[in-house]
2 protein chains.
Amino acid sequence: MSCRSRLIPVLRRAIVPSLKRSGITANPSRCAARCISSSAQRRFQESGIRGVKYTTDSYPEIKRDSRFSQITKEHVDYFKELLGKESALVDGVTAGATEDDLEPFNSDWMRKYRGHCRLVLKPASTEEVSKILKYCNENTLAVVPQGGNTGLVGGSVPVFDEIVVSTSRMNQIRFFDEVSGVLVADAGVVLEVADQYLAEKGYIFPLDLGAKGSCHIGGNVSTNAGGLRLLRYGSLHGTVLGIEAVLPNGTILDDLSRLRKNNTGYDLKQLFIGGEGTIGMITAVSIHCPQRSKAINVAFLGLESYEKLQQTFKEAKTQLGEILSAFELMDSQSQDIFHKVKENKRPLEGEHPFYCLIETSGSNSEHDSEKLEKFLEDVMTKELVTDGVVAENETQLRSLWSQREGITETIGHWGGVYKYDVSIPIKDMYKLVEDTRKRLEDAGLKGESDEYPVVDVVGYGHMGDSNLHLNIAVRRYDKEVEAALEPFVYEWISERNGSISAEHGLGIAKKKYIGYSRNETTVGLMKQIKNLYDPNGIMNPYKYI
Amino acid sequence: MSCRSRLIPVLRRAIVPSLKRSGITANPSRCAARCISSSAQRRFQESGIRGVKYTTDSYPEIKRDSRFSQITKEHVDYFKELLGKESALVDGVTAGATEDDLEPFNSDWMRKYRGHCRLVLKPASTEEVSKILKYCNENTLAVVPQGGNTGLVGGSVPVFDEIVVSTSRMNQIRFFDEVSGVLVADAGVVLEVADQYLAEKGYIFPLDLGAKGSCHIGGNVSTNAGGLRLLRYGSLHGTVLGIEAVLPNGTILDDLSRLRKNNTGYDLKQLFIGGEGTIGMITAVSIHCPQRSKAINVAFLGLESYEKLQQTFKEAKTQLGEILSAFELMDSQSQDIFHKVKENKRPLEGEHPFYCLIETSGSNSEHDSEKLEKFLEDVMTKELVTDGVVAENETQLRSLWSQREGITETIGHWGGVYKYDVSIPIKDMYKLVEDTRKRLEDAGLKGESDEYPVVDVVGYGHMGDSNLHLNIAVRRYDKEVEAALEPFVYEWISERNGSISAEHGLGIAKKKYIGYSRNETTVGLMKQIKNLYDPNGIMNPYKYI
């Protein structure tokens, strides 16, 4: 304890003088808590794709559904006539589209999933989508709706020869109301484009994620993307006011309400939010956008224990209240890896078992800085926080964020990563990392030298949303490691009523594990819904539930 | 313009010195924007109920569904044995429960709807609810789930002899996490009880409405209640994390997730939020509760036009940003009526075509006051606001709120009110009031003397949510007035893609008008859902869709 009290004045000097009082303008290009970094996306775009294993090889147990027809020239002719121009199709059935032409639609950016699709359709209107789906339904042709194809669970790429229906040509902003902040836009509008459009009007898209430069808002809504702004603005189930979607039989569900309050019957749109394109295809979205904050502050803190981290989070909620916009957790292992790979100067002197990044955003930078300063003094006085710094300018702000954002990139440095995106009640959240680490150590799988497959087990994530990213950095993919991890991790989560997919969705990756987060009754009710809307099962088959 | 510029210094004096700098503690008993005032509820409780017309008389076109069985002694015996004790039933079938005993369950507080129910069941657990519904389903006995019975559209009272299943004995708070703010509670917990429990822990229930002293949170979620805090905390579709519900066949949907992020399949709970008990009965709720604000400020402003009111709202959103917690609209007619009935001193000198009430709530009263002061100076300088006052203490705060809250009570002073709770894109919102007023004037129905049925047409409501309460104060209910109002009002709303029910729901009152807010396709899809979950139609029949 004497050691601690010695530290407090040191901390005061470290933190308080560096408080930025003049405010930092929010920069729309800063992507927080990235799940997909832009550089990783670039690497994918620049690299070849031939090395990617087919999903049918990775999942040999999945067989092509014999109900689905093979695509014929007659089918393609129908689509050609419907869409009117060559550029609206990528046709590997009757025309000369090559494997390279089709690969961006067949493979995901992580190079984990790869389908055998030979036909991509790019409708330009909801009516065209309607005609496509109706035709596919009548001819039992399987379909995969695809937006920016930035998903993490293989949900947006085909497995066999499903037809990809891309939203890329449906990219118009249809409406914005500067008084209410309601935006209506086509499903194919890129998230960053929408956010930049809103920035010019003083508004913000209530969702932010690393793939914002590529992902489509229709895809975001279809997968109920979480991301960083959820802590502040809530989930898409609350912010999305309406959707326009096409059902498999061609029916257009026109529910593009621009109203925050509308209690007239079942809120059907909610089934499509997070429905991952399995009961219909979202063609447009109406969403309530909040005011953009004028001031942003970021603090980076070191802490002694997860217990103190929880208490600090509670204090941040109480004291920073309405301006708290991010509370991100990083353990020492994640920061060690980042440091080893990047060889950067650490933001704090010394090492700490836990770190957190706190962001505030508000309408008055002086007020926000004062609140943050007072909060930091308080958590130091209470000895919850051991050390900390506050960004003084935009460069420092980005640098602090990179300590959190850069983990995803650096974690794969030794060869590979086993990644779990989970949600667990906050009290138990970090214990999963400890238990997993111990398990791999006890199994003799983790060590310093090359003979051990596991480099380290790290935990980081959106503490504010009880959303943990459990990552196991490995030197090579290894059956023994896999056997130690699964079903252990899923069982562990299930016992604590956690979720095996917090924000990434089910796709093909977690289809078979849904039982760990949902009971049989609930899964049964979900299947009822699927059968009700898509009795022929043509929408995004082999995935989800 | 010269007149206006003369006013500005006067206003500055009026507003700025009165700014409360020391902050006002949030008082949990203050109910904002009440739809049902406590005194109105008291009057109902104290008065007899024999004068209330049966719904079957008001709606002679509704016939008892012949599929439903009559309740027999055998049925009652089953329920008696199941529930175990006398007090868990109000039995007018085999025991001596009188009409008076049954009336609180048969009638609504507005004395508008009255059913013929002879059996009320008060289960104490989810399992008991499950057994009740399973039995009712197998014996085709119709059921009305009932919470606090504070609804405004007749949704929670029976029409014929449906069995009332009350949540009143399911009233335990099951869980609260002081770090995440997640509350899990039985459906029958009274909203105010939940809010007071949370207040002690520094949290707030993200919903507030006038009936909070009586309404049950299960009913709130079933009707997707809106209320005042929606502007700040969003709708229940975003804040509710999970529900436990019993389906008509007795299946328990156990989806009491305590997680903010959980992307594992269709979000089925959303169908029950606002489902008005037509596909199942909610027995418990898990909800994310925000931090309670320490400081509250209220300003009351007079404005010259609806155009300026819209601009003021936009400025409030920009400048007050994260601390804005209410923006309420009142027209001069609503304030005239309030003033005439209450004979109070008006908050502002002179009269103004429009008024608004702005509330801020935040974590730092000095900061909040400073923001509010700056905002008020700005809107005065820009000549958007003509006059205004700011509450200096709790009494003034309540007094200003009463100008908004008291409208509902005073509007019926002359004999009756035609009430519409609607949502319309903000730009057009007030025009509905003007057009309705003109229509009634043109028809010679509105005037000063007793020969005219209509006293006045007023508009007020939650401007921040585009939610208008259009009220027509009348001296007597009159067929000519009704013919002038309907379907005119609904058609007007429909043409502007508004909602005929913003926050009150459909119940029996608006069942037949849903077509004005939802197209045939959507209503058809809703009916599919109803049939899927409740094929025998036993849940809350004759209502909703």
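**Figure 1. Close-up of the loop that holds B:P487 in the predicted model.** In this predicted model, B:P487 is placed in the loop between α18 (479-485) and α19 (488-495) of chain B. The peptide bond that joins B:E486 to B:P487 is cis, and its omega is about 10°. In chain A, A:P487 lies in the loop between α18 (479-485) and α19 (488-495). The bond from A:E486 to A:P487 is likewise cis, with omega near 10°. Most peptide bonds are trans, and most residues other than glycine have a negative phi.

Figure 2. Although A:E383 is not a glycine, its phi is positive, at about 60°. The residue belongs to the loop between α14 (365-381) and β13 (387-390) of chain A.

**Figure 3. Close-up of the salt bridge between A:D161 and A:R64.** The two side chains meet with an N to O distance of 3.0 Å. This pair links distant parts of the chain, the two residues being 97 residues apart. A:D161 is in the loop between β3 (143-146) and β4 (163-166) of chain A, whereas A:R64 is in the loop between α3 (55-58) and α4 (73-83) of chain A. Over all chains, a search of the whole structure finds 74 salt bridges.

**Figure 4. Close-up of the contact between domain 1 and domain 4 of chain A.** The domain assignment divides chain A into domain 1 (2-26 + 293-408), domain 2 (39-166), domain 3 (170-288) and domain 4 (411-504). To the contact shown here, domain 1 of chain A brings 18 residues and domain 4 of chain A brings 23 residues. Together the two domains bury about 1,800 Å², with 65% of that area on carbon and sulfur atoms. On the side of domain 1 of chain A, the residues that lose the most area to domain 4 of chain A are A:Y306, A:L329 and A:I337, which together account for 31% of what that side buries.

**Figure 5. Close-up of polar and charged pairs between domain 1 and domain 4 of chain A.** The interface of these two domains contains 1 salt bridge. A:R437 and A:D331 form a salt bridge in which the closest N and O atoms are 3.4 Å apart. Between the two domains, 10 residue pairs are in polar contact. On the side of domain 1 of chain A that touches domain 4 of chain A, at least two residues come from each of α12 (306-320), β11 (324-331), α13 (332-342) and α16 (407-410) of chain A. By class, that side has 10 nonpolar, 4 polar and 4 charged residues.

**Figure 6. Close-up of the interface between chain B and chain A.** In this interface, 90 residues of chain B are in contact with 90 residues of chain A. The area buried between the chains is about 7,300 Å², and carbon and sulfur atoms give 55% of it. B:K261, B:N263 and B:Y266 are the residues of chain B that lose the most area to chain A, together 15% of what that side buries.

**Figure 7. Close-up of the salt bridge between B:E503 and A:K261.** The side chains of B:E503 and A:K261 meet at 2.7 Å, N to O. The count of salt bridges between chain B and chain A is 6. Several elements of chain B each supply at least two residues of the side that touches chain A, among them α9 (230-233), α10 (236-239), β8 (252-255), α12 (306-320) and α20 (520-533). The largest share of that side, 9 residues, is provided by α20(B). Sorted by class, the side of chain B that touches chain A has 29 nonpolar, 41 polar and 20 charged residues.

Note on methods:
Residues numbered from 1 in each chain as written. Chains lettered and ligands numbered in written order. Predicted model: local features only at pLDDT ≥ 70, side-chain atom pairs only at ≥ 80, totals over all residues. Heavy atoms only, no water. Domains from an automatic or database assignment. Contact = heavy atoms within 4.5 Å. Buried area = accessible area lost by both parts, 1.4 Å probe. Salt bridge = Lys/Arg side-chain N within 4 Å of Asp/Glu carboxyl O. Polar contact = N/O pair within 3.5 Å; in protein donor to acceptor, adjacent residues only side chain to side chain. Helix = DSSP H or I, 4+ residues; strand = E, 2+ residues; numbered from the N terminus. Nonpolar A, V, L, I, M, F, W, Y, C, P; charged D, E, K, R; others polar.
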